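My entries follow in the order in which I looked things up.

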Amino acid sequence: MDSGLVIRKRSPEDAVVALAGNPNVGKSTVFNSLTGMNQHTGNWPGKTVTNAQGYCRSKKHSYVMVDIPGTYSLMAHSAEEEVARNFICFQDPDAVVVVCDATCLERNLNLVLQTLEISRNVIVCVNLMDEAKRKGVRVDLERLSGKLGVPVAGTVARRKKSLSGLLQAVDAVVDGKENRVPLRVRYPRAIEDAVSRIEPAVRSKSGGRLDSRWLSLKLLDQDPALTREIGVYLGEDFIMDPQLCNLLGEVRETLAGQGITPDRMKDMVVSGLVRASEELCRDTVTYEKSTYNDADRAADRILTSRWAGYPIMLALLALIFWLTLTGANYPSQVISNALFWFQDRLTEYFHFFGAPEWLHGMLVLGVYRVLAWVVSVMLPPMAIFFPLFTLLEDAGYLPRVAYNLDKPFKGCRACGKQALTMCMGFGCNAAGIIGCRIIDSPRERLLAILTNNFVPCNGRFPALIAILTMFFAGAAGGAFSSVLSALLLTAVIVLGVGMTFAVTKLLSGTILKGTPTSFTLELPPYRRPQIGKVIVRSVFDRTLFVLGRAAVVAAPAGMVIWLMANVTVGGVSLLNHCALFLDPFARFLGLDGVILIAFILGFPANEIVIPIIIMAYMAQGSILELQSLAELKELFVSNGWTWVTAVSVMLFSLMHWPCSTTLITIHKETGSWKWTVLAFLIPTAAGMAACFLVASAARLFS
Amino acid sequence: MSRTTSLAGLRPGEKGVVKQLLTSGAMRRRLLDIGLIEDTPVECLGRSPGGDPSAFLIRGAVIAIRSEDSADILLETC
């Protein structure tokens, strides 16, 4: 995991500020507003799974801001919590900002109180003040600050201006101008006695490098992982110190004599923290209306209801696809016309300057044409799909999907949060695989990683959309055609999700045996998405990013393909040699050699599969001016495509090896070649089997 | 008319006060972290379409818990 984060200061004076907080309190939004960076934000718990850092400047200082994963506690039960705790404890940040949700302050204060035990340089940022106001929740910030003994700043992180108070507070803490005494939670007598018996020894032996009260508490409750970390930080001499060990042994015995086992002690500590938070809130938070959450409850009753829950999920998916398909049609046409007009101009220039034909072929017919295809086919659907999906994400719908799908996932002995990682896979499978960190159980996490590829990433969407429209929906014509496409696409996705369930079940019955672990999932309040920002962000951060990646791969691939299609050995092009070689096998799967080659060459990025197919067919003879899907269909049909080929290509696109980036990510996340190889083989085998079945059935009945 | 039941026995719309956690290990820690200690008031908000998990209002936050886990949380209805 990323606990070994290296802080990159821009100058030695930079102060390091950690941003901590419960999941889903707008921590990443605070981070983005402060640093001007674009960490992905979304209304669901657990989307920041690694530390991110950025820079920001106040009137007095320059800061390195570190966005650490959201956690409920610092008692480290999961990987993210460990990352968060280790950073606050052992990386000595100059200040720690704990971001809280004003609408749910009580639960958040638990983390604040735990942070106060470790660090004196804490600033509490009560975020989402606007939401709280709307719901009639009033937080007395001044009073809270007085009680906690640290600065408290109210913010609306979406509005940058509201963060100036927070920065001032951070300045004051870093300058050492805050010399109030932070609140310390008092635990039951037996624990306090035990702490006071060991604290002096702990203080002198640790040299004051960690808070001695906190250190004493942690040594008493004997968390093995934390003890190890402390050993690394303070040195083995400290942990193994005979005097200290003896004293600890005695005190633990006294506690045991009072019926306080380490587990019981942890309970008492947590209860103490929760009670203290409760008390703090009683004095500082007032609710003006008891019905403040009624709208959310009503929405939940519909979106997660027994009868409507699943249909609404499907309907939303189909609606998004329909909007994407309908909206993308026209701009796709315009962009492709423009780009191919430019190709003709390029060709004229090349001829004008008397460039050799091979150079023109390689650069214009190879590199440029593939790029043009990738851009015109991918850009419009992505520019529509991403914002729509982000809207759902921002509004807080995704956790409801996980809630709805937990039962079937449990049936496969997996975790409902796999639904969240599946949703991330729609954007990019590599991102989905990193997202699997939100699943605590290693077994369930592996299940999610190995099956993530069954949902098509947006690199595969355009091909699916194009083929669906050409072969199945185009004939219907008019408005109905896009409705039909959307429904068919939804069916394809449902098939992918079905495969996810089937394979998950298969794996948890064979190589990943085990019982489902316990599961808690927070369903955050719905929030009104910021439509303008969503559009800008998803177009610039996601669409252009993905497109850029595709272009980087597509350009050289275009050149390679052109060369393969035009360099001949024995009168036959290299591409044909390869295609002919693979053809017999590909026919079994309902494909042809060219298609299979395209998938193989598309290993670095799935986006280029269709462009490769087009280029290979065009190089084989019939030169076409490809400006519409109808002409494209003509090209495919003249190369022997039938509806069986179309279905097989879609199935294979849905189920084949993950792209190289995804595989590298899987290797990084699992640290094992075995799982990486399996992640390659499982979808490939599933796809080949599905294609073989369809092709054989079609042969049988035709 | 209060009765003793488990969190799993709470019907949608019903409220109760936590009396005891029989859970152990990681789940126990998780539940304590979200503030589910003795005397915490909870409300069952509803069930997911499959009938499980259920959603509970715990200290102002909505948390979904599976029935296997919520059966180990004893409470008194109110």
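**Helix α16 of chain A**

I found a kink of about 45 degrees at Leu405(A) in α16(A), shortly before the proline Pro408(A). The bend at a residue is taken as the angle between axes fitted to the seven residues ending there and the seven starting there. Helices (H or I, at least four residues) and strands (E, at least two) are DSSP runs, numbered from the N terminus.

For the record, this is a predicted model, in which local features need pLDDT of at least 70 and side-chain atom pairs count only at pLDDT 80 or more, while totals for chains, interfaces and linings use all residues. Residues are numbered from 1 along each chain as its sequence is written, and chains are lettered from A and ligands numbered from 1 in the order in which they are written.

I then checked the length of α16(A), which covers residues 398-411. Its 14 residues reach 20 Å from first C-alpha to last, close to the 20 Å expected at 1.5 Å a residue. The expected span is 1.5 Å times one less than the number of residues.

A residue is buried if 20 or more other C-beta atoms lie within 10 Å of its own, exposed if 12 or fewer, and partly exposed in between, with C-beta atoms placed from the backbone. After the helix comes Arg413(A), with a positive phi near 55 degrees.

**Helix α15 of chain A**

At Met378(A) the helix bends by about 30 degrees, and the proline Pro380(A) follows within four residues. Gly396(A) follows α15(A) and has a positive phi, near 100 degrees.

**Record entries for chain A**

I looked up the unreviewed UniProt entry, which lists several "transmembrane region" spans in chain A, among them residues 640-657 and 677-701. UniProt positions are in the numbering used here, feature names are shortened, and annotations may be inferred rather than shown by experiment. Residues 640-657 are 67% helix and 0% strand, with end C-alpha atoms 25 Å apart. Residues 677-701 are 100% helix and 0% strand, and their end C-alpha atoms lie 36 Å apart.

Under "binding site", the unreviewed entry lists Asn32(A), Ser33(A), Thr35(A) and Gly36(A). Ser33(A) sits in helix α1 (residues 27-35) of chain A and counts as buried, because it has 21 C-beta neighbours inside 10 Å. Leaving aside neighbours within four places in sequence, Ser33(A) is in contact (C-beta atoms, placed from the backbone, within 7 Å) with Ala157(A), Lys160(A) and Leu163(A). Gly36(A) is in the loop between α1 and β2 (52-57) of chain A, and is exposed with 11 other C-beta atoms within 10 Å.

**The contact of chains A and B**

I noted an ipTM of 0.95 and a pTM of 0.87 for the complex from the predictor. The contact takes 27 residues from chain B and 32 residues from chain A. On the chain B side, α1 (25-33), β3 (41-47) and β5 (61-65) each supply at least two residues. The largest share, six residues, comes from α1(B).

I also looked at Gly46(B), in strand β3 of chain B. Gly46(B) is partly exposed, with 18 C-beta neighbours inside 10 Å. Not counting residues up to four places away in sequence, Gly46(B) touches Asp300(A), Arg301(A) and Thr304(A) as well as Pro12(B), Ser54(B) and Ala55(B).

Most residues other than glycine have a negative phi, and most peptide bonds are trans. I found Leu128(A) with a positive phi near 60 degrees, in the loop between β5 (122-127) and α4 (129-134) of chain A. Leu128(A) is buried, with 27 other C-beta atoms within 10 Å. Asp39(B) has a positive phi near 70 degrees and is in the loop between α1 and β3 of chain B. Asp52(B) and Pro53(B) are joined by a cis peptide bond, with omega about -5 degrees.

Key. Contact = placed C-beta atoms within 7 Å.
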